[in-house]
Amino acid sequence: MKILLVDDEQAILETLQILFRGEGYEVTVADSGPKALAALEDEKPDLVLTDVRMPGAGGLDVLSAARQIDPEMPVILMTAQASLQTAVRAVNEGAYYYLQKPFANDELLAICRRAAEARQLKVENRQLRKEIRRRGQVDARRPVGAAPRFVEVLALVETVAATGSTVLISGESGTGKELVARYIHELSDRSERAFLSINCGALPDSLLDSELFGHVKGSFTGAVRDKDGLLVAAAGGTFFLDEIGEMSPSTQVKLLRAVQEREVIPVGATKAVSVDVRIIAATNRDLEEEISRGAFRSDLYYRLNVIQLHLPPLRERREDVPVLANYFLHKLATARGVARVPVLAPETLEVLTRYDWPGNVRELENALERAAVLATGDTIGPQALPERVREAPRPRLATEETAQNPTMEVVERAYIQWVLQAEGGNKTRAAEVLGIDPSTLYRKLNRYSIPE
Ligand SMILES: Nc1ncnc2c1ncn2[C@@H]1O[C@H](COP(=O)(O)OP(=O)(O)OP(=O)(O)O)[C@@H](O)[C@H]1O
Ligand SMILES: [Mg+2]
């Protein structure tokens, strides 16, 4: 515990110093107001004990300076003149306590101990609140799913997030690559800093270079001033390179340098600028195939591919469909301020699970948004789904097909388990969400041997 002692009387200062050292405090002394202000800045004490009447800056100035540096720093004032006015003013301005000289050492120490404890509590509370807020944000971003293949990827995501390694995420369009990238950032110790991203397929070459690496004034028409690249701007944070497979060979060379040397050379510059970012890249192409075509550099691939995450298409993890569908219905209801979340009729669930979802999770989300708007009652029937979804053929029973496509029963089991868990094991509420009778739910729990 660091204490700052302020008094213009040297004798008092010395007595107090001995007293507080003896109690194990780390002591700094100042024999004038101005010196106290400087010490506040330099030492950032946990506690301040100051005289009120001093030539130059007085105790009230010390108080207001302390509150500016840290509003939770307790300041205790001592004065010889028992002036009630000053006392009231000091307390109004946030002084922790007002002591009248002469006072007993025991009294002083007790007050200081209480002030230090109060401060400690406040600091801990603030950290706790921050942590709770952070967890809330993290939970809100947690990708949803119940399929074993997906749960496996999610577990890997949660393990690698803290490591700071470069990550390469592959998966078809709409499988959640960006969502996963943001989730990794949120879980990492870079979460307080920026998450910046760029879509490598959306910009012409020269523009992409200047956006990524920056440029110096006059390096091309329109470059009227020096500009930092996004890789530099994301300092301390995470940089998401979306659709990396679309990047031109010349930009790939520059990116390789950035990843390897941790520095970039802005367009038109001669000096390198250092970068401190975690890179997460995503692609919906098969990069190994791009390499064999000569379109993607293998050295860059190996640099990016430190951790590889593959998000399977939705048709290969059908157990996720009901879980995601339910999640989106809740999300939509919240966004629209609707208290009652509609329920999916069993036939609707069956249709949703049968369809192949070429647009993956994004397509599912859109279909449900539409269905939630079209649905008239509390239950969403299959007619609220787009025609292409409704008309999907029933699965053939070829063996390799069933291996990839779980049966309706497997899907149902996973879904029921998920809902039960989401409702904290409450079967009445789970039955309500599932749109079935509690007795039907009990029967199913029994049939699927789901522990109650
Ligand atoms: N597991 C999931 N849980 C919740 N929402 C998801 C999940 N997967 C995807 N989504 C949602 O689906 C939409 C598409 O996801 P995202 O943009 O991350 O996909 P993508 O793989 O980056 O697609 P593209 O290749 O087209 O850019 C987003 O609204 C995202 O929030
Ligand atoms: Mg994306």
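At roughly what angle do the axes of helix α2 and helix α3 cross? The axes of α2 (residues 33-43) and α3 (residues 59-69) cross at roughly 10° and come within 10 Å.

This is a predicted model, in which local features need pLDDT of at least 70 and side-chain atom pairs count only at pLDDT 80 or more, while totals for chains, interfaces and linings use all residues. Residues are numbered from 1 along each chain as its sequence is written, and chains are lettered from A and ligands numbered from 1 in the order in which they are written.

**Domains**

The protein chain is divided into domain 1 (2-122), domain 2 (142-312) and domain 3 (315-447); these bounds come from an automatic or database domain assignment. The centres of domain 1 and domain 3, taken over C-alpha atoms, are separated by 64 Å.

**Helix pairs**

Helices (H or I, at least four residues) and strands (E, at least two) are DSSP runs, numbered from the N terminus. Axes are lines fitted to C-alpha atoms, for helices over the stretch in contact, and angles run from 0 to 180 degrees between N-to-C directions.

| Helix pair | Axes come within | Crossing angle |
|---|---|---|
| α2 and α3 | 10 Å | roughly 10° |
| α8 (residues 205-213) and α10 | 10 Å | roughly 10° |
| α13 (residues 320-335) and α15 | 9 Å | roughly 50° |

Angles under 35 degrees count as roughly parallel, over 145 as roughly antiparallel, 65 to 115 as roughly perpendicular and the rest as oblique. α2 and α3 are therefore roughly parallel to each other, and their crossing is right-handed. A crossing is left-handed if the near helix is turned anticlockwise from the far one by less than a right angle, and right-handed if clockwise.

Residues are in contact if their C-beta atoms, placed from the backbone, lie within 7 Å. On the α2 side, Gly33, Ala36, Leu37, Leu40 and Glu41 meet Asp61, Val62, Ala65, Ala66 and Ile69 of α3. By class, this contact of α2 with α3 has seven nonpolar, one polar and two charged residues. Ala, Val, Leu, Ile, Met, Phe, Trp, Tyr, Cys and Pro count as nonpolar, Asp, Glu, Lys and Arg as charged, and the others, Gly among them, as polar.

α8 and α10 are roughly parallel to each other, and α8 passes α10 in a right-handed crossing. Asp205, Leu208, Asp209 and Phe213 of α8 make the contact with Ser250, Thr251 and Lys254 of α10. The residues of this contact of α8 with α10 are two nonpolar, two polar and three charged.

The crossing of α13 and α15 is right-handed. From α13, the contact takes Val321, Leu324, Ala325, Phe328, Leu329 and Leu332, and from α15 it takes Val361, Leu364, Glu365, Leu368, Glu369 and Ala372. The contact of α13 with α15 has ten nonpolar, no polar and two charged residues.

**Backbone details**

The peptide bond from Lys101 to Pro102 is cis, with omega near -5°. Pro102 is placed in the loop between β5 (97-100) and α5 (105-141). Glu243, a residue other than glycine, has a positive phi near 50°. The loop that holds Glu243 runs between β10 (238-242) and α10 (249-261).

Notes:
Contact = placed C-beta atoms within 7 Å.
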